[in-house]
Amino acid sequence: MTLLQFQLKRDQAGNLIKVTNYRGYTVIQDPKFDMEAALANFEDGSCCIIIGDSFEKCSADIQEFILLHEIGHSECQHKSSTMGAGYSSQQVMDIYTEERLAGKHLQSEFEADEYAAIVMGREVALKALEYFHQKYQFMQRSYKNHSNTNQIEFVLNELEKRIANIKSNFEN
Ligand SMILES: [Zn+2]
C-alpha cells in the first residue's frame, strides 16, 4: 500500500509534475531530488513538501514519519529555508546543506522529530530514525573513499543525536 496518490499536473514552466495533498500540505514529487524530503518555504509565505525518489522506497509508516517531520518544520515556524517561486531541487539542497554545516539545523530537526513523534507515537518515530541510521551506515560502508564520506558521517552523527533526543524526551 502506498501512502500517497499523486495527480499529474503542469507547473508554471509547463513541465509535468506529480502532485498531491497530505494533511492540507501540497506534496510534489521530484525525481531529481536526492533526499527523502524537504520543506520548501516560498517568499509569499506558502510552502510545500518536496519528496525525492528514495521516499517511494520507504514503507508507509516511514513515509508518514517523513511527511509529519516536514509538516513539523512548518508548524514550528522553521522559516529559514526560503526560496523564490522558481525553486529548483538543487537550490533546496544547497540551502539545506549550508544550514546543516552551519549547525543551525539540529535544534530544528529535534523539534520536527518531536512533532512527528507526538502525532504518530514514539515507537514509529524511533523506527523511522533507526531506519535512516541503518541506511546511512550502509552508505558509509559502500562509499568508502568517496567524496561524500564526510557528509555521510555528519548525517550519521546527527541521526544519533536525533534518536537520543526522542528517547530522552519521550520516556514513559
Ligand atoms: Zn528536517
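Modeller: What follows is a close look at the zinc site.

This is a predicted model, in which local features need pLDDT of at least 70, side-chain atom pairs count only at pLDDT 80 or more, and totals for chains, interfaces and linings use all residues. Residues are numbered from 1 along each chain as its sequence is written, and side-chain values use heavy atoms, with hydrogens and water left out.

The zinc ion is coordinated by His69 through NE2, by His73 through NE2 and by Glu109 through two OE entries, at 2.0 to 2.6 Å; donors here are N, O and S atoms within 2.8 Å of the metal (3.2 Å for Na, K and Ca), and because water is not among the atoms, sites may look incomplete. Along the chain, these donors follow the spacing H-x3-H-x35-E, and the pair His69 in helix α2 and Glu109 in helix α4 links distant parts of the chain, 40 residues apart. Helices are DSSP runs (H or I, at least four residues), as strands are (E, at least two), numbered from the N terminus.

His69 counts as buried because its relative accessibility is 4%, and Glu109 counts as buried at 2%, where buried means under 20% relative accessible area (1.4 Å probe, protein chains only).

Key:
Buried < 20%, exposed > 50% of the residue type's maximum accessible area, 1.4 Å probe, protein only.
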